[in-house]
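Visitor: I would like to learn how to read this structure feature by feature. Please start with the fold and work down to single residues.

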Amino acid sequence: MKKSKFLIMTAILIIVTSVLLVTTRSLGVVNATSNVVSILDNIVSKPFNFLADVKSDLTDLSRTYKENKQLKKAIFKAEEQSADSASLKDENAQLRQLLEMKNLYESKKTVSSDVITRMPVSWLSELTVNAGSQNGIQNTMLAVANGGLIGSVKDVASHSSRVNLLTNNKNVDNISVRIQTETSTIYGVIVGYSKEKSAFIISQLNSSDTIKKGEKVVTSGLGTYNIPNIPVGTVLSVTEKSDHLTKEVFVKPSADLSDIRVVTLVGN
C-alpha cells in the first residue's frame, strides 16, 4: 500500500515537473518569436517610412517650386508694367517738348515724325524717321528732339529721311551757331563732337572775346541751315588750339541724344 502511494506521488511529481518545463520553454519560444517579428517589422517598415518621408519632401518641394514660379511671373509682370509705364512717360515727355518746339516755330515749316531706324553700329551717327519728300522734307531742314538741336536732314526718300546726328564725329554739315556772351554775340560753326567730353565742338569763331562756361548757344540762321534760335546747348569749356590763334568751344547739348523717339524737322 505504501509502495503504491509512493509510485502515485512520484508520477504526479513527474507530470507537474514536465508541465512546468513545457510551459517555461513555450514562453521562451513565444518571447523569441516576438523579438524576431519585431526586428523583421522594423526592417520591413524602414524603407516604407523612408519612402513616405521622401514623398512628403517631394510634395513640399513641388509646392515650393510652383509658388516660386508664380512669384516670378508676378514679379516679371510687375516689372513689365513698370517698364511700359516708364516708357510711356518718357515718350509723353518727348511729345510735350516736341509740341513746345513746334509752337516756337509756327512761322516755319515743321514736320513731326517717329524714329523708325537707329542701328547700334551707327547709334551716334544717324537715324531714320518716317517722313520724306511726300511730307515736304528737304535736305536743308534741321532735326530737333528732346528740347534741342540733334542734327540735320541728310538723305530724303519718298516716305523716310535719314538724319545726320551732331554726335557724329565726322560731322561736315557746318551748322552755324551763335554764342551770346556778357558783352557780345559770337558766331561759329559746329565742326565735330567730343566723346570724351560728351560735347559739341564749335570753332571758326568770328571774335576773340571771352566766352564763359554756362553761356547759351543757339543756331544762328546763317548759311545753308537758315533756321535761327534753335537751342544747341551751353558752353562747357574753351580751349586754345596748338597754333594759339584759334579757339575750340565745347558745348554740352541741350537735347538728350541717347534716347530719341520722336523728331521735329524744321525748315523754311
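Visitor: How many helices and strands are in the chain?

Guide: Helices (H or I, at least four residues) and strands (E, at least two) are DSSP runs, numbered from the N terminus. The chain has one helix and twelve strands, in the order α-β-β-β-β-β-β-β-β-β-β-β-β from the N terminus. This is a predicted model, in which local features need pLDDT of at least 70 and side-chain atom pairs count only at pLDDT 80 or more, while totals for chains, interfaces and linings use all residues. Residues are numbered from 1 along each chain as its sequence is written, and side-chain values use heavy atoms, with hydrogens and water left out.

Visitor: What share of the residues is buried?

Guide: Buried means under 20% relative accessible area, exposed over 50%, and partly exposed in between (1.4 Å probe, protein chains only). Of the 268 residues in the chain, 31% are buried.

Visitor: Which strands form the closed barrel, and in what order?

Guide: Two strands pair if DSSP finds at least two bridges between them. Six strands close a barrel in the order S1-S2-S5-S4-S3-S12, with antiparallel pairing. From one strand to the next, the twist averages 45°; the axes are lines fitted to C-alpha atoms, and angles run from 0 to 180 degrees between N-to-C directions.

Visitor: What does S12 pair with?

Guide: Strand S1 (residues 109–117) is antiparallel to S12 and joined to it by six bridges; Lys-109 has Gly-267 as its bridge partner. Strand S3 (residues 142–145) also pairs with S12 in the antiparallel sense, over three bridges, with Leu-142 opposite Val-266.

Visitor: Which way do the side chains of S12 point?

Guide: In a regular strand, side chains alternate between the two faces of the sheet. In S12, Val-262, Thr-264 and Val-266 point one way, and Val-263, Leu-265 and Gly-267 the other. Six of the six residues in S12 (residues 262–267) are buried.

Visitor: What does Val-115 contact, beyond its neighbours within four places in sequence?

Guide: Contact means heavy atoms within 4.5 Å. Val-115 belongs to strand S1, and its contacts of this kind are Leu-127, Thr-128, Val-129, Ile-260, Arg-261, Val-262 and Val-263. Across the chain, among contacts between residues at least 6 apart in sequence, 59% join residues at least 24 apart.

Visitor: Which charged residues sit over rings?

Guide: The rule asks for NZ of Lys or CZ of Arg within 6 Å of the ring centre and within 35 degrees of the ring normal. Arg-118 lies over the face of Trp-123, 4.1 Å from the ring centre. Lys-197 has its charged end over the ring of Phe-250, at 3.9 Å from the centre.

Visitor: Where are Ser-198 and Asn-229, which have a positive phi?

Guide: Most residues other than glycine have a negative phi. Ser-198, with phi near 50°, is in the loop between strand S7 (185–194) and strand S8 (199–203). Asn-229, with phi of about 70°, is in strand S10 (residues 228–240).
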